[in-house]
Amino acid sequence: MTMKPLSLILLILAITIPTSLTYAGQMPDRNHPLRTQAGSGSHRIPGVSCLSWRLAVETDNIRDWDLVPSSCEGYVGHYMLGHQYRKDCNAAAWAAYDYAKGLTLKKDGKDVWIFDIGDTSLSNLPYYARPDNAFGAKEFNETTFKEWQLEGKAPAVPAILDLYKRLLKLGFKIVFISGRSESLRFITVYNMKKVGYHTWEKLILKQTSESGTTAMVYKSKERKELEEAGYRILGNMGDQWSDLLGTHVGNRTFKVPNPMFYVA
């Protein structure tokens, strides 16, 4: 039996391209060791319904959702642990840097770039990959998540760490605004510096008195205070739309993908 040309090409590609190959210029995959703990997260869901759901989530067409649909746990796990999530983060970082390098900074220490922390600068994927969390398909457990944060072991999101370093070289002042509790400042600073975020203008965490405030309201207030202090917000990056919407959002916003949970 003779093999059709297209089938032959696909066979050759399957044999010659190693599954561990990373895309040009990117760091080796640090998430694949999680596959042994990921359960169904390491298998692809057939069809396009979960892909369409993820697209709707990322474009903010679906809002106020609580859990990843159980039928999409495997799809989300495959996405987060596979190459596509890293490529998408890289695309967001590339777009941000392409914009940033075209700006003329005033060199007065007031040109700032804002980053969120959780699942923007630091990755909580090792936590969400646990079977008890199922990539967001199971109810959020505040107790175990705080225990994870207190370990101070969250890895950097490679594309965002690289962007952070590039922005510093361009002369930007970096401001981190996070919904993490102020009580976690010590371990947060330790974790950030351990993975490579070594300097910043401000690291703003949420006060206990603001615990009932939504992320969008809280972050809008903090950005307003920055501008009132004379800072110019030229860029703003986060994994949640609540990081990027509201008031005083800055000149440009950039969304990091995250289909595992929604923060209002």
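This is a predicted model: local features need pLDDT of at least 70, side-chain atom pairs count only at pLDDT 80 or more; totals for chains, interfaces and linings use all residues.
One case is Ala 129 and Gly 77, which are 52 residues apart along the chain, with their C-alpha atoms separated by 7.3 Å. I will come back to both residues.

The protein chain has ten helices and five strands. Of its 264 residues, 44% are buried.

Next, confidence. The average pLDDT of the protein chain is 87, and 82% of the residues score at least 70. By element, strand β1, residues 111–115, has the highest confidence, at 99, and helix α1, residues 5–16, has the lowest, at a mean of 43. The pLDDT is below 50 over residues 8–48, and in the model this stretch has 51 contacts beyond near neighbours in sequence.

Which residues have the most contacts inside the largest nonpolar core? They are Trp 113, Phe 115, Phe 176, Tyr 197 and Met 237, in a core of 54 residues. The element that gives the most to this core is helix α4, residues 83–100, with seven residues. There is also a second, separate core of nine residues, and among its members are Val 175, Tyr 218, Leu 226 and Ile 233.

On to helix packing, with α4 in both examples. Two packed helices are described by the angle between their axes and the distance between the axes. How do α4 and α7 pack, by angle and distance? Helix α7 covers residues 158–170; the angle with α4 is about 10°, and the axes are 9 Å apart. Since an angle under 35 degrees counts as roughly parallel, α4 and α7 are therefore roughly parallel to each other. On the α4 side the contact includes Cys 89, Ala 93 and Tyr 97, and on the α7 side it includes Ile 160, Leu 163 and Leu 167. By class, the contact of α4 with α7 has ten nonpolar residues, one polar and one charged.

The second example is α3 with α4. Their axes come within 4 Å and cross at roughly 60°. That makes α3 oblique to α4. Tyr 79, Met 80 and Leu 81 of α3 make this contact with Gln 84, Tyr 85, Arg 86 and Asp 88 of α4. Here the classes are four nonpolar, one polar and two charged.

Is helix α3 itself, residues 73–81, enclosed or open? Eight of its nine residues are buried, so α3 is largely enclosed by the rest of the structure. The buried ones include Glu 73, Gly 77 and Leu 81. Against which helices do the buried residues of α3 pack? They pack against α2, residues 49–58, against α4, and against α5, residues 125–128.

Ala 129 lies in the loop between α5 and α6, the latter being residues 142–151. Its relative accessible area is 3%, so Ala 129 is buried. Gly 77, in α3, is buried as well.

Methods:
Residues are numbered from 1 along each chain as its sequence is written. Side-chain values use heavy atoms; hydrogens and water are left out. A nonpolar core is a set of buried Ala, Val, Leu, Ile, Met, Phe, Trp, Tyr and Cys residues joined through side-chain atoms within 4.5 Å. Buried means under 20% relative accessible area, exposed over 50%, partly exposed in between (1.4 Å probe, protein chains only). Helices (H or I, at least four residues) and strands (E, at least two) are DSSP runs, numbered from the N terminus. pLDDT is the predictor's confidence in each residue, from 0 to 100. Contact means heavy atoms within 4.5 Å. Axes are lines fitted to C-alpha atoms, for helices over the stretch in contact, and angles run from 0 to 180 degrees between N-to-C directions. Angles under 35 degrees count as roughly parallel, over 145 as roughly antiparallel, 65 to 115 as roughly perpendicular and the rest as oblique. Ala, Val, Leu, Ile, Met, Phe, Trp, Tyr, Cys and Pro count as nonpolar, Asp, Glu, Lys and Arg as charged, and the others, Gly among them, as polar.
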